[in-house]
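Please read them against the model.

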Amino acid sequence: MTRYLVRAASLAAALTAWQVLTSLNVDLWLRFSQFPTVADVARAFGDRLGGHDYWTDLTDSLTRILTGFLLAAVLGVATGVLVARSRLAEDLLGPLVEVVRPIPTIALVPVAILLFPSNEQGIVFITCAAAFFPVLVSTRHAVRALVPVWEEAVRTMGGSRWRILGSVVLPGALPGIFGGLSVGIGVSWICVISAEMISGQYGVGYRTWQDYTVVDHPGVFVGMVTIGVLGWVTSTAVERVGRWLTRWLPRTEYVAGARVRRAPARVSPDQEPARGEVVRDEHLV
């Protein structure tokens with residue numbers, strides 16, 4: 001409860017500073033006089049919530065991000081495992097991946113406009129491309145980092161390649177895969193908003209850019225807040241799913257105000273931890 005109160009207090013302090021600086025039109029080096037106040041943004045947010053366009057934009061952006069992200073998750077994991085497990089796949093796909101990966105995804109917007117028959121498909125392509133490479137790279141590294149003895153043990157007991165893939169490779173690489181998925185969902189939001197600003201019709205990014213062109217500053221901040229909340233919710237959902245699927249992994253629980261030391265193999269009465277001290281296994285995953 002204390003930690004939640006601290007988090008709420010930090011957010012409240014930031015909002016209070018914003019309100020004070022903008023209401024007093026402070027202009028030192030940063031021009032806070034150009035900013036809308038928190039009250040202005042709150043009023044604009046309330047007006048948008050009562051309108052139909054806001055929910056249409058929200059639905060369109062969520063549909064685009066989820067479609068592109070799910071495609072990237074499937075393709076990225078499959079390609080990452082293939083490249084990590086096959087020399088032929090690495091030789092065929094590796095150079096292409098390393099050449100395309102450094103290109104900023106938003107620079108692919110003209111390619112998407114020329115390649116796909118509709119803007120909607122092009123935006124989904126941009127979203128998928130944004131998340132694909134983080135997922136692929138994290139999967140490739142996670143698979144290559146697996147301990148070989150696990151695979152050898154399954155093979156010794158007569159396990160097939162598919163059995164090794166299902167019982168060793170994918171479960172062992174899950175922590176790394178979800179690390180890439182967590183990064184990928186954040187990058188996807190950045191790129192889908194940018195793509196909506198450039199070539200979208202409806203969507204949070206499209207509406208935010210339209211508010212900017214008509215100098216509706218509170219509306220711009222409504223869009224920014226919406227993007228931040230959506231990104232936080234989707235990223236948290238990915239992390240929660242990852243923790244649930246890897247719940248069999250050993251973890252060290254953080255306890256505020258407690259010291260952590262290595263647990264001895266056998267604890268004798270004179271080695272019992274002092275009061276207020278928590279014994280934890282230091283194996284972190």
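1. The largest pocket has 16 lining residues, and Arg-7, Leu-11, Gly-228, Val-229 and Trp-232 lie nearest its centre. A pocket here is an open set of points on a 1 Å grid over the protein atoms alone, with protein on both sides within 12 Å along at least five of seven lines; lining residues have an atom within 4 Å of a point. Helix H1 (2-23), helix H2 (38-49) and helix H10 (217-245) each give two or more residues to this lining. H1 gives the most, with six residues. Helices are DSSP runs (H or I, at least four residues), numbered from the N terminus.

2. This is a predicted model: local features need pLDDT of at least 70, side-chain atom pairs count only at pLDDT 80 or more, and totals for chains, interfaces and linings use all residues. Residues are numbered from 1 along each chain as its sequence is written, and side-chain values use heavy atoms, with hydrogens and water left out.

3. The space in the largest pocket is about 530 Å³. Volume means the space filled by probe spheres set on the grid points, which are joined across faces, edges and corners. The pocket lining holds 12 nonpolar residues, one polar and three charged. The classes are nonpolar (Ala, Val, Leu, Ile, Met, Phe, Trp, Tyr, Cys and Pro), charged (Asp, Glu, Lys and Arg) and polar (the others, Gly among them).

4. How many cavities of 30 Å³ or more are there? The count is one. A cavity is a set of grid points where a 1.4 Å probe fits but cannot get out. The largest cavity holds about 60 Å³ of space. Its lining includes Val-109, Phe-116, Ile-123 and Ser-199. Helix H5 (109-115), H6 and helix H8 (161-199) each give two or more residues to that lining. H6 gives the most, with four. By class the cavity lining has seven nonpolar, four polar and no charged residues.

5. H8 and H10 have axes that come within 10 Å and cross at roughly 165 degrees. Axes are lines fitted to C-alpha atoms, for helices over the stretch in contact, and angles run from 0 to 180 degrees between N-to-C directions. H8 and H10 are therefore roughly antiparallel (angles over 145 degrees). Their crossing is right-handed (the near helix is turned clockwise from the far one by less than a right angle). On the H8 side, Phe-178 and Trp-189 are among the contact residues; on the H10 side, Ile-227 and Glu-239 are among them. Contact means heavy atoms within 4.5 Å. The residues of this contact divide into 11 nonpolar, five polar and one charged.

6. Helix H4 (residues 87-100) packs on helix H6 (residues 119-144) at about 135 degrees, with axes 12 Å apart. The crossing of H4 and H6 is left-handed (anticlockwise). Glu-90, Val-97, Glu-98 and Val-100 in H4 meet Phe-133, Leu-136, Arg-140 and Arg-144 in H6. This contact has four nonpolar, no polar and four charged residues.

Note on methods
Parallel < 35°, antiparallel > 145°, perpendicular 65-115°, else oblique.
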